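I opened my notebook to look up how helices cross and how aromatic rings pair. My entries follow the structure.

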Amino acid sequence: MMKLTKSQAALLIAVIGAFVLFDLSLYFGYAQKFKSGSSKLMITKSIETDRYLPFDENSGIVKYNSELTLEGELPVLDGAAALFPVYSAFFNAVYPEESCEFSDGEFSPVSKLQYSNTIGAYKAVADGSADMIFCAAPSEEQRQYAESVGAELEYVPIGREAFVFIVNKNNPVSSLTKEQIRGIYSGEYKNWNKLGGNNENIIPVMRNQGSGSQTAMEAFMGDVPFAGRFEINRLYGSAIGFSFRYYVSDISDSSGVKMLAVDGYEPSLENIRSGDYPIVSEFYAVYRKDNDDPNIAVLLDWILSPEGQQIVAESGYTPLK
């Protein structure tokens with residue numbers, strides 16, 4: 001085998017380095033799904049909680065003056081990013097103001113309102129540090145963790161929400177079928193030109209394991225396996241991602257993306273309520289069955305009452321009734 005001289009080795013390293021830099025420039029220049037203009041809090045916690053705090057006149061939550069005011073042992077509430085504005089509105093309506101403590105971008109340990117996102121919330125309710133959480137259906141790992149700590153969880157549907165797929169707003173593709181989406185994530189479709197788009201590689205974006213949206217995506221795929229998370233031929237191109245409609249339309253900076261129609265139906269509130277939009281998930285109030293706090297039942301009954309369901313509707317979700 002021929003040995004390289006020092007000058008030849010240096011030249012080879014330089015050429016390899018040039019290719020690496022070229023690929024990285026393509027990735028960071030063209031493959032980014034979004035440009036983030038969010039604060040550090042948004043980046044680390046998925047939602048800027050200070051925009052949706054209870055008892056704040058500038059809050060973006062629905063403000064409802066309920067005749068019910070919880071007293072005594074107050075349940076600790078926690079949940080997912082996409083549902084924080086909803087359960088913060090519940091809290092605002094029926095909890096005493098002094099039960100929420102928030103400063104420097106965080107809830108204090110004694111606050112009855114918390115935000116740990118889906119992964120943290122399921123752990124918190126299983127461990128008993130949260131009494132009721134608001135999330136999409138759990139992952140298999142989250143179910144298994146609850147069983148491992150002896151927690152039997154109750155899942156009560158309190159509303160419905162569309163599961164949506166998003167692309168760059170300049171992508172000419174505006175509608176896909178469920179089968180085409182599964183084909184993208186299974187690796188059957190690798191270029192947008194096979195789906196009526198430009199001659200660009202498709203970058204299927206995944207979410208963190210255990211997040212509410214990733215669990216919903218796994219349920220959507222069913223028995224269809226995912227392709228590998230990373231392929232060299234998808235280093236640059238145009239991305240497709242997924243989330244819940246309310247998070248995309250009301251919480252995140254979605255100015256650079258658009259939601260796709262699925263099977264010909266836009267994920268509008270009208271199409272969600274009529275059942276025409278085909279991918280709709282229930283979201284839940286979740287609590288331990290052995291939790292003996294009497295306010296759990298009181299709060300749950302109120303959430304399912306016309307008052308609670310009105311908050312669900314006015315927050316931008318689809319109520320059960």
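I began with a rule: rings of Phe, Tyr and Trp pair if their centres lie within 6.5 Å. I also noted that this is a predicted model.

**Entry: aromatic pairs**

I searched the whole structure and found 19 aromatic pairs. I looked up F163 and F244 among them. Their ring centres are 5.6 Å apart and their planes stand at 65°. Planes over 60 degrees apart count as edge-to-face, so this pair is edge-to-face. Where do F163 and F244 lie? F163 is in strand 5 (residues 153-168), and F244 is in strand 8 (residues 238-244). The pair therefore ties together parts that are 81 residues apart in sequence.

Next I checked accessibility. Buried means under 20% relative accessible area. F163 has 0% relative accessibility, so I wrote it down as buried. F244 has 10%, so F244 is buried too.

Then I took Y185 and F226. Their ring centres are 6.4 Å apart, with the planes at 90°, so this pair is also edge-to-face. Y185 sits in helix 6 (residues 178-186). F226 sits in the loop between helix 7 (212-221) and strand 8. The pair ties together parts that are 41 residues apart in sequence. Is each residue buried or partly exposed? Y185 is buried, at 3% relative accessibility. F226 is partly exposed, with a relative accessible area of 28%.

I also noted a cluster. Ring pairs link F84, Y87, F90, F102, F107, Y115, F134 and W302.

**Entry: helix 3 and helix 10**

I looked up the axes of helix 3 (residues 84-94) and helix 10 (residues 294-303). They come within 12 Å and cross at roughly 110°. The two helices are therefore roughly perpendicular to each other. The crossing is right-handed.

**Entry: helix 4 and helix 5**

The axes of helix 4 (residues 117-127) and helix 5 (residues 140-148) come within 9 Å and cross at roughly 20°. That makes helix 4 roughly parallel to helix 5. I recorded this crossing as right-handed. On the helix 4 side I listed T118, I119, Y122, K123, A126 and D127. They meet Q142, Y145 and A146 in helix 5. By class, this contact has five nonpolar, two polar and two charged residues.

Conventions
Residues are numbered from 1 along each chain as its sequence is written. This is a predicted model: local features need pLDDT of at least 70, side-chain atom pairs count only at pLDDT 80 or more; totals for chains, interfaces and linings use all residues. Side-chain values use heavy atoms; hydrogens and water are left out. Axes are lines fitted to C-alpha atoms, for helices over the stretch in contact, and angles run from 0 to 180 degrees between N-to-C directions. Helices (H or I, at least four residues) and strands (E, at least two) are DSSP runs, numbered from the N terminus. Angles under 35 degrees count as roughly parallel, over 145 as roughly antiparallel, 65 to 115 as roughly perpendicular and the rest as oblique. A crossing is left-handed if the near helix is turned anticlockwise from the far one by less than a right angle, and right-handed if clockwise. Contact means heavy atoms within 4.5 Å. Ala, Val, Leu, Ile, Met, Phe, Trp, Tyr, Cys and Pro count as nonpolar, Asp, Glu, Lys and Arg as charged, and the others, Gly among them, as polar. Rings of Phe, Tyr and Trp (its six-membered ring) pair if their centres lie within 6.5 Å; planes under 30 degrees apart count as stacked, over 60 as edge-to-face and the rest as tilted. Buried means under 20% relative accessible area, exposed over 50%, partly exposed in between (1.4 Å probe, protein chains only).
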